[in-house]
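Reader: I would like to learn how to read a few features of a model. Please take them one at a time.

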Amino acid sequence: MSHPVRDARRRILDEHSTIIEGVDHCADRVAEPWDTARTTDRNAVADGLRSLLETNGLLEQLPVVLADAVEATGATLRAQPVPAPPYVVVTNRGPILRATIESGRLVVRFDVFDVVHDADPGTHPAYCRRDGVRLEVSLE
């Protein structure tokens, strides 16, 4: 792991633990109504998570997390990030934050769901709730 990536990850863990906990809580709420440990309804996962993040004020905080992560790398943002693409995207795995900086593209992922593909090519993938949040930071 490069120093900028490590520094960004450390900053997020140290300064934004309440955001991580909030994302975790919202993911739990998305998965609560499932009658099994998984669902194949991709839209319910991504749209449900986005809705809960927005309702709980977390969606608006994610650009702050991104800006802070960029600052931790020693880089500067070209523009102020907003809670919408290309900076913030809520996927079926969880929120993804992206910023283009001098050394490449900084990507921060909060993975809260796993995608499970069946061996049968005719079936839709299933989405399972992860145990907690896996924070991934990379410079691409």
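**Aromatic rings and strands**

Author: Trp34 and Phe113 are both buried. Keep in mind that this is a predicted model.

Reader: How many aromatic pairs does the count come to?

Author: The count comes to one aromatic pair. In general, a pair of aromatic rings is described by the distance of the centres and the angle of the planes. Here Trp34 and Phe113 are 5.8 Å apart centre to centre, with 40 degrees between the planes, and the pair is tilted. Planes under 30 degrees apart would count as stacked and those over 60 as edge-to-face.

Reader: Which parts does the pair tie together?

Author: Trp34 lies in the loop between α2 (17–31) and β1 (38–39), while Phe113 lies in strand β4, so the pair ties together parts that are 79 residues apart in sequence.

Reader: With which strand does β4 pair, and in what sense?

Author: Strand β4 (residues 104–116) pairs with β3 in the antiparallel sense, over six bridges. Within this pairing, Leu97 stands opposite Val108 in β4. The two strands form a hairpin, with two residues between them.

Reader: Is strand β3 mostly covered or mostly uncovered?

Author: Strand β3 (residues 95–101) is mostly covered, with five of its seven residues buried.

Reader: What do β2 and β3 form?

Author: β2 and β3 form a hairpin with four residues between them. Gly94, in the turn, has a positive phi of about 145 degrees. Strand β2 (residues 88–90) pairs with β3 in the antiparallel sense over three bridges, and Val90 stands opposite Pro95 in β3.

Methods. Residues numbered from 1 in each chain as written. Predicted model: local features only at pLDDT ≥ 70, side-chain atom pairs only at ≥ 80, totals over all residues. Heavy atoms only, no water. Buried < 20%, exposed > 50% of the residue type's maximum accessible area, 1.4 Å probe, protein only. Pairing = 2+ DSSP bridges. Phe/Tyr/Trp six-rings, centres within 6.5 Å; stacked < 30°, edge-to-face > 60°.
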